[in-house]
Amino acid sequence: MRELMSLMLAAAILAAFGCVVLSDRAESTSVDEYISASRGEVKPVFDPRFPADPRSSRKLWESRKESSASVTEAPTENTSGASAAPVIEGRAPEISGRLSFVLKDLTSKSLELHLYRLDSTVFGHGTISENSSTQQVSAIGDIRGSALELDVISEYTIYRLKIDSSKSPMTGTFTAYRADASSWPGVVYQESAA
């Protein structure tokens, strides 16, 4: 009986809270706005950081491509825009293609990546191996000066790498984050040049 009374009291509190929340929403949003939103009749909100439509995006992309035409590019057959990195004198080395790294913490892991570069963005895929276990990984990151900041994502772990690309072989540090909220640091170095 006592449990039933507690349950009824909890239900009454929740119902009262729901009425207050609904009355607050009713003051700020009309029924017509809810109906319009459900039909998709909502004014689009454009992010000013991005072009408003595909045509504008294409024009912007082409203008950036033309403005970077003065940079000497490595020959490529790929026309997708994501290709071998341009060779820019006085900057970080070419970070694209197949790269091999060793990640050391309490154990040693082998990281094999195939990276692509588009402007300062680096992305790709590969594998990470420890003992006889191998997992598929995805990678995405940015080049900032001579620093490569790369997130390598496996099924349950994110490896956040910070690599000094001005050195040959490249070296740096990483922090690994697991799905169970644990994390640990380590060092990373390039196993061999691509």
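**Exercise 1. Take L111 in this predicted model and find which residues it touches, leaving out those up to four places away in sequence.**

Step 1. Start at L111 and gather its contacts: L99, S100, F101, L103, T127, I128, V137, V152 and L161.

Step 2. Now see where L111 belongs. The largest nonpolar core has 22 residues, and L111 is among those with the most contacts inside it, along with F101, L113, L150, V152 and L161.

Step 3. At least two residues come from each of β1, β2, β3 (121-130), β4 (133-144), β5 (147-153), β6 (157-164) and β7 (171-178).

Step 4. For background, nonpolar side chains in soluble globular proteins tend to be buried together.

**Exercise 2. Work out how strands β1 and β2 are joined.**

Step 1. Locate the strands: β1 covers residues 97-104 and β2 covers residues 108-118.

Step 2. Check direction and bridges. The two strands run antiparallel, with eight bridges between them.

Step 3. Three residues make the hairpin link from β1 to β2.

**Exercise 3. Find the aromatic pairs and describe the one formed by Y159 and F174.**

Step 1. Searching the whole structure gives two aromatic pairs.

Step 2. Y159 and F174 form an edge-to-face pair, with 6.0 Å centre to centre and 65° between the planes.

Methods
Residues numbered from 1 in each chain as written. Predicted model: local features only at pLDDT ≥ 70, side-chain atom pairs only at ≥ 80, totals over all residues. Heavy atoms only, no water. Pairing = 2+ DSSP bridges. Helix = DSSP H or I, 4+ residues; strand = E, 2+ residues; numbered from the N terminus. Core = buried A, V, L, I, M, F, W, Y, C linked by side-chain atoms within 4.5 Å. Buried < 20%, exposed > 50% of the residue type's maximum accessible area, 1.4 Å probe, protein only. Contact = heavy atoms within 4.5 Å. Phe/Tyr/Trp six-rings, centres within 6.5 Å; stacked < 30°, edge-to-face > 60°.
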